[in-house]
Amino acid sequence: MFYDLNIPWTSKDDPELARTVAFLEELGYNVVALNQTIAGKIPSNIAGIANSIPTKPFPNHASIRFLRRVTIVLDDPSQNYGLASLSNNFDIVAVRPTDEKLLLQACTSLECDLISIDMSVRHPYHFKYKVLGQAISRGIRFEITYSASVNESNARRNLLSNAAALIRATKGKGIVISSEARKAMLCRAPFDVINLATLWGLNQEKGKDAISNGPRSVMIQAKIKRQSFRGVINVVAGGGIPKPASKEVAKTTISQKALVKRKAEAGDNDGAAVETVKDSPQPAESAKLDGEATPGQSSENRPSKKQKKLEMRAAKRAAAAVAKGLSGSVGAE
Amino acid sequence: MVRVKQRYLLFTILYPSGPPTGSTITGSKATQSMTFHSPSSPNLNRASLASLIRSSISHNFGDWGIGQCGGFAVKYFSPATSTGILRITRDNYRTLWAALTYINEFHGQPAVIKVIRVSGTIRKAEHEAVKVAEEAIRRVKKEAIGVKDGQGVGDKKGVAGIFAGSRTAAQVATVIDEDEDDGMVVDIVDSENDDDDDDDD
């Protein structure tokens, strides 16, 4: 699965956007986020802006999954951006800080999923791990967009230096690469992008993560933040006639999984506080989340079973040894 | 003496804004995959491709880049399928690959080079080329059937509608039925066998 989390949205009838999406499908991308950029104050009719992207924008590209993304350009540190209200309307909320102070603010306190730094211009400050590491530990990732560098020589130079600096400062963790392509010709195939990432200082494996697993975790985390209780507990099974016994089991396993995933936040609500979240847009999606929940849960159960087995075996062996010892001593006598 | 290790890059040229002017096969702008996988213009041959790639290397990586990976060779290029194979020493293939990625036009026509496979032997690269071409034809046929079924229905045509303009779906379907693609596959296989012989010598 390959992701491109940044395709600027224009309108449904724009032939260039349709062509870009078709070209991305041809190149082998599976998930595309359509991005709307908002500069300055967040308008009050944000739901209307979000709904300008239909749920199925390009029905003839069935193999691509579309996400709605918003990017807020931060330019005033004193302004309170109501980012929490955005997450109800968009799949991914990204911020683009314009100076060092705002970058610090975005890394430490803002409720966003992705920090997108403009890589095509020169920044008068250095990226520091102390600042960026805080964002990484909160699960926020950094975006590098490559399409400006394909077209323009100056942007290419800046991208090379900025991306190398960012990758050095983050130690290659928490990087997401996307295109931000306004034209089809600015997109590149996933493996070509991975090769470009090796020029910036990511190795092949981390480069691949930056275009497949990294964006995926951004998507999933944004979804969990939006749909679950405090980003910890989500009831994934919806509908049907509830069976009291099995429900009890489901509750415990979900809370167990959540506890493992978010130890820090799980402190203040125990397994008893299971919150029902009532917005599951598509049953298929909730089923997917369910599927994702199972591996973690099974891996949790496995060690205890194994341990039991080992204990049993050890006990048997001990019993056999004792028996043998007895018979041996009898034989010696 | 240690053998010089090489890498063979199998690449294909995609045309994001439709077939280039002067390409040999016309009327094949029917389905989505065919619009992007257009035949290249006849002026694009092994020598001109090499000089274009070399200029991209020198633009992006300077004299050092040319010194490192100027020794690449275009082992094979077929304008009919816009597919080719490059040979480069193993240490420098990433630089050459990046130079390919940064190419965005051929003779003023927007173009994107996609590397399909990096291989240690030319034989594997050829096998992959044949496989990819067969897969492409299977897809085009499938899409063509889709176009036929949905006669006049816009959404079945996909992006083809953007390029085909006034052409109706029925017309498009008849164009595809001419089966010129099968000739293309045979063409690849033949020329690649020739290439293989060259390499063995």
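In this predicted model, the axes of helix H4 (residues 100-108) of chain A and helix H5 (residues 129-137) of chain A come within 7 Å and cross at roughly 30°, where axes are lines fitted to C-alpha atoms, for helices over the stretch in contact, and angles run from 0 to 180 degrees between N-to-C directions. Helices (H or I, at least four residues) and strands (E, at least two) are DSSP runs, numbered from the N terminus. Because the model is predicted, local features need pLDDT of at least 70 and side-chain atom pairs count only at pLDDT 80 or more, while totals for chains, interfaces and linings use all residues. Residues are numbered from 1 along each chain as its sequence is written, and chains are lettered from A and ligands numbered from 1 in the order in which they are written.

**The helix pair in chain A**

- The crossing angle makes H4(A) roughly parallel to H5(A), a description used for angles under 35 degrees, with over 145 counting as roughly antiparallel, 65 to 115 as roughly perpendicular and the rest as oblique.
- The residues that make this contact are A:Leu103, A:Leu104, A:Cys107 and A:Thr108 from H4(A), together with A:Val131, A:Leu132, A:Gln134 and A:Ala135 from H5(A), and two residues are in contact if their C-beta atoms, placed from the backbone, lie within 7 Å.
- Sorted by class, the contact of H4(A) with H5(A) has six nonpolar, two polar and no charged residues; Ala, Val, Leu, Ile, Met, Phe, Trp, Tyr, Cys and Pro count as nonpolar, Asp, Glu, Lys and Arg as charged, and the others, Gly among them, as polar.

**The sheet of chain A**

- Seven strands of chain A form an open sheet in the order S1-S2-S3-S4-S5-S6-S7, with parallel pairing, and two strands pair if DSSP finds at least two bridges between them.
- At the edges of this sheet are strand S1 (3-8) and strand S7 (175-178) of chain A, each of which pairs on one side only, and the twist averages 35° from one strand to the next.
- Within the sheet, strand S5 (residues 114-116) and strand S6 (residues 141-145) of chain A pair in the parallel sense over three bridges, and A:Leu114 stands opposite A:Arg141 in S6(A).
- Helix H7 (residues 153-170) of chain A lies across S6 and S7 of chain A and runs at about 160° to S6(A).

- Four strands of chain B form an open sheet in the order S2-S3-S1-S6, with antiparallel pairing, and its edge strands are strand S2 (73-78) and S6 of chain B.
- S1(B) pairs in the antiparallel sense with S3(B) over seven bridges, and S1(B) also pairs in the antiparallel sense with S6(B) over seven bridges.
- Eight of the nine residues of helix H3 (residues 93-101) of chain B are buried, so this helix is largely enclosed by the rest of the structure; a residue is buried if 20 or more other C-beta atoms lie within 10 Å of its own, exposed if 12 or fewer, and partly exposed in between, with C-beta atoms placed from the backbone.
- What covers the buried residues of H3(B) includes helix H8 (190-200) of chain A, as well as strand S1 (6-14) and helix H2 (46-69) of chain B.

**Where the two chains meet**

- In the contact between the chains, 20 residues of chain B touch 21 residues of chain A.
- On the side of chain B that touches chain A, the largest share, four residues, comes from H3(B), and the residues of that side divide into eleven nonpolar, six polar and three charged.
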